[in-house]
Amino acid sequence: SYLEEVLDNVLAIDEIEIIALLETLLATKDYQQALEFIEIIATEARVKGYGNLLIKVLVYQAQIQYELGNHEEMTISLNQAFPLSEENGYIHVYVSKGEKMLNMLKIYRQDGNQDSKFLRLLIRAIESKIKRKKAADLPKLTKREIEVLDLIAQGKTNKEIGKALVISIETVNNHTRNIYAKLKVNSRVQAVTKAQELALLN
């Protein structure tokens with residue numbers, strides 16, 4: 001098989017190929033095969049001094065143990081990865097995993113592990129990335145659409161909204177249709193609920 005071929009030629013292949021194979025094994029939930037592969041890669045990476053590759057496979061090892069519910073094993077892998085990562089200033093592999101890694105790190109901290117400066121740095125970096133992603137995913141409502149939405153939230157009719165904003169009912173209807181489309185909703189109640197969830201209201 002391809003995996004056997006890779007194992008026979010371990011580290012003769014590209015690092016990107018190793019990570020791609022790990023991603024495939026994780027996607028297919030072939031965790032046991034992935035763990036065996038990681039053991040071989042990690043051993044070779046230690047011998048050859050491939051620090052960044054070692055960090056990456058240790059983080060994947062931690063992720064698999066997390067998926068399997070083995071928090072103690074997850075902690076062991078993270079404890080091996082953290083000193084190397086801190087020494088090399090390497091945090092990308094953690095940050096790229098987003099909310100899953102954030103959950104892993106919170107479990108790690110809750111399990112009584114040392115709340116180090118590096119751990120706090122990782123959590124801040126991941127939270128910052130998640131926040132930026134959520135901000136980028138927010139519907140882009142115009143200032144006028146937000147004004148209309150605020151008035152809808154106050155229970156105003158379209159006629160009352162038109163009067164308050166000095167615009168025609170037809171224009172109010174256009175804004176409302178645009179709001180529904182951007183929020184992916186079909187009613188006033190849904191629009192207000194979604195806007196509250198996304199903190200769009202003034």
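Biologist: Hi! Before I get attached to this structure, what kind of model is it?

Modeller: It is a predicted model.

Biologist: Good to know. Which residues touch the most other members of the largest nonpolar core?

Modeller: Those are Leu-22, Val-57, Met-74, Leu-78, Phe-82, Tyr-94 and Leu-105, in a core of 44 residues.

Biologist: And which helices supply at least two residues of this core each?

Modeller: Helix 2 (15–27), helix 3 (31–48), helix 4 (51–67), helix 5 (71–88), helix 6 (92–95), helix 7 (98–110) and helix 8 (117–137) do. Helix 4 gives the most, with ten residues.

Biologist: Let's zoom in on Leu-22. What does Leu-22 touch, leaving out residues up to four places away in sequence?

Modeller: Leu-22 touches Ala-34, Phe-37, Ile-38, Val-57 and Tyr-60. There is also a second, separate core of 17 residues, and Ile-161, Ile-167, Val-185 and Ala-191 are among them.

Biologist: Switching to rings: how many aromatic pairs are in the whole structure?

Modeller: A search finds four. In one of them, Phe-82 and Tyr-94 are tilted, at 5.9 Å centre to centre with 45 degrees between the planes. Phe-82 is in helix 5 and Tyr-94 in helix 6, so this pair ties together parts twelve residues apart in sequence.

Biologist: What about Phe-82 and Phe-118, how are those rings arranged?

Modeller: Their planes are at 70 degrees and their centres 5.6 Å apart, so that pair is edge-to-face. It links distant parts of the chain, with Phe-82 in helix 5 and Phe-118 in helix 8, 36 residues apart.

Biologist: Is Phe-118 buried or exposed?

Modeller: Phe-118 is buried, with a relative accessible area of 4%. Phe-82 counts as buried too, at 7% relative accessibility.

Biologist: Which residues form the aromatic cluster?

Modeller: Phe-82, Tyr-94, Tyr-108 and Phe-118 form one cluster.

Biologist: Last topic, the backbone. Where is Val-166 found?

Modeller: Val-166 is in the loop between helix 10 (158–165) and helix 11 (169–183). Its phi is near 55 degrees, a positive value in a residue other than glycine. Val-166 is exposed, with a relative accessible area of 74%.

Biologist: And what is phi of Ala-199 near?

Modeller: Phi of Ala-199 is near 55 degrees, again positive in a residue that is not glycine. Ala-199 lies in the segment after helix 12 (188–197), and Ala-199 is exposed, with a relative accessible area of 63%.

Key:
Residues are numbered from 1 along each chain as its sequence is written. This is a predicted model: local features need pLDDT of at least 70, side-chain atom pairs count only at pLDDT 80 or more; totals for chains, interfaces and linings use all residues. Side-chain values use heavy atoms; hydrogens and water are left out. Helices (H or I, at least four residues) and strands (E, at least two) are DSSP runs, numbered from the N terminus. Buried means under 20% relative accessible area, exposed over 50%, partly exposed in between (1.4 Å probe, protein chains only). A nonpolar core is a set of buried Ala, Val, Leu, Ile, Met, Phe, Trp, Tyr and Cys residues joined through side-chain atoms within 4.5 Å. Contact means heavy atoms within 4.5 Å. Rings of Phe, Tyr and Trp (its six-membered ring) pair if their centres lie within 6.5 Å; planes under 30 degrees apart count as stacked, over 60 as edge-to-face and the rest as tilted.
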